[in-house]
Amino acid sequence: MNSIFKITEFFTTFLLEIGELSLFAGRFFKESFKRPFEFREFIRQCFYMGNRSLLLVAVTGFIIGLVFTLQSRPTLQEFGAVSWMPSMVSISIIREIGPIITALICAGRIGSGIGAELGSMRVTEQIDAMEVSGTNPFKYLVVTRIMATTFMLPILVFFGDAIALFGSFMVENVKGNVSFLLYYNQVFEALEFGDLIPATIKTFFFGFAIGLVGCFKGYYCKKGTAGVGLAANSAVVYTSMLLFIIDFIAVFVTDIFYDL
């Protein structure tokens with residue numbers, strides 16, 4: 001009986017969380033079109049999120065390209081299909097591996113940072129002070145951060161994909177003596193707009209999810225220093241789950257259009 005009560009309580013809390021997050025998203029869309037537009041804060045957040053994440057995304061992408069090529073090459077050699085390596089790597093990285101891995105990295109780097117930052121401001125009553133002074137803290141703190149993550153994540157994904165392909169080229173150059181021109185000719189011959197467009201569109205949704213959950217957890221952080229840590233941690237966990245759900249929906253919808 002006790003276990004049934006706990007399961008019911010869990011689902012109730014989960015559904016309430018989804019409802020509150022939906023209301024939070026609705027408020028974001030409502031506030032986004034109201035004046036004044038905090039353009040300078042938006043640019044500052046774009047620089048902060050993009051510049052601080054470049055090195056991490058670059059290192060991750062480079063290692064992904066190296067490891068993926070090193071692991072796949074022996075299998076392709078058994079079937080005499082090593083010449084297909086650039087095509088296979090490019091399609092795999094552009095369609096799926098690059099966007100989801102970069103989004104997860106940014107969820108840990110950016111999402112937790114937003115949750116901790118806004119949580120600290122809530123705990124120290126800085127958000128309350130902004131409300132008392134007549135400033136709209138939601139527009140200044142939340143709208144700018146969500147828009148910044150939405151626009152910066154596709155750029156970071158493109159950057160990570162390029163570095164991953166370069167890492168793959170280095171392995172092919174050392175192992176198979178493949179020239180730079182030959183490798184990238186095969187890469188771009190294999191790619192189509194049907195690979196690039198769905199992968200690009202879903203990165204905007206990934207960025208929106210990272211910013212939305214991070215801001216939601218931080219903005220409604222509970223009192224105390226423990227609440228700040230919980231906000232940062234739960235922002236990463238919830239965002240990671242949401243990213244996989246969005247990715248599944250994106251792949252499912254893309255598959256439907258391909259069938260048509």
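Asn177 is exposed, with a relative accessible area of 67%; exposed here means over 50%, buried means under 20% and partly exposed is what falls in between, using a 1.4 Å probe and protein chains only. This residue sits in the loop between H5 and H6, and its phi is positive, about 55°, although it is not a glycine. Glu125 also has a positive phi, near 65°, in a residue other than glycine. Its place is the loop between H3 and H4, and with a relative accessible area of 48% Glu125 is partly exposed.

A word on the model itself. It is a predicted one, in which local features need pLDDT of at least 70 and side-chain atom pairs count only at pLDDT 80 or more, while totals for chains, interfaces and linings use all residues. Residues are numbered from 1 along each chain as its sequence is written, and side-chain values use heavy atoms, with hydrogens and water left out.

As for the overall picture, the chain has eight helices and zero strands, giving the pattern α-α-α-α-α-α-α-α along the sequence. Helices (H or I, at least four residues) and strands (E, at least two) are DSSP runs numbered from the N terminus. The C-alpha trace spans about 70 × 55 × 40 Å along its principal axes. Of the 260 residues in the chain, 43% are buried. Among contacts with a separation of 6 or more, 84% join residues 24 or more positions apart, contact being heavy atoms within 4.5 Å.

H5 (residues 137-176) and H6 (residues 180-190) meet at an angle of about 130°, with their axes 10 Å apart. That makes H5 oblique to H6: angles under 35 degrees count as roughly parallel, over 145 as roughly antiparallel, 65 to 115 as roughly perpendicular and the rest as oblique. Axes are lines fitted to C-alpha atoms, for helices over the stretch in contact, and angles run from 0 to 180 degrees between N-to-C directions. On the H5 side the contact is made by Ala162, Leu165, Phe166, Ser168, Phe169 and Glu172, and on the H6 side by Phe180, Tyr183, Tyr184 and Val187. Sorted by class, the contact of H5 with H6 has eight nonpolar residues, one polar and one charged. In this scheme Ala, Val, Leu, Ile, Met, Phe, Trp, Tyr, Cys and Pro are nonpolar, Asp, Glu, Lys and Arg are charged, and the others, Gly among them, are polar.

H2 and H3 form another packed pair, at about 145° with their axes 9 Å apart. H2 passes H3 in a right-handed crossing. Residues making the contact include Met49, Arg52, Ser53 and Leu56 of H2 and Ile105, Cys106, Arg109 and Ile110 of H3. The contact of H2 with H3 divides into 15 nonpolar, six polar and three charged residues. Arg109, found in helix H3, counts as partly exposed at 26% relative accessibility. Leaving aside neighbours within four places in sequence, Arg109 touches Arg52, Ser53 and Leu56. Arg109 and Met49 are 60 residues apart in sequence, yet 8.8 Å apart in space, C-alpha to C-alpha.

Then there is the inside. The largest nonpolar core has 37 residues, of which Phe24, Val142 and Ile146 touch the most other members; a core is a set of buried Ala, Val, Leu, Ile, Met, Phe, Trp, Tyr and Cys residues joined through side-chain atoms within 4.5 Å. Elements giving two or more residues to this core are H1 (2-32), H2 (39-78), H3 (85-123), H4 (126-132), H5, H7 (193-219) and H8 (225-259). H5 provides the largest share, ten residues. Val142, neighbours within four places in sequence aside, is in contact with Phe24, Leu118, Pro137, Cys215 and Tyr219. Apart from this core lies another, of 14 residues, among them Leu76, Ile93, Tyr184 and Val187.

Finally, Thr239 belongs to helix H8 and is buried, with a relative accessible area of 0%. Beyond neighbours within four places in sequence, Thr239 is in contact with Ala107, Ala209, Ile210 and Val213.

Technical notes
Left-handed = near helix turned anticlockwise from the far one by under 90°.
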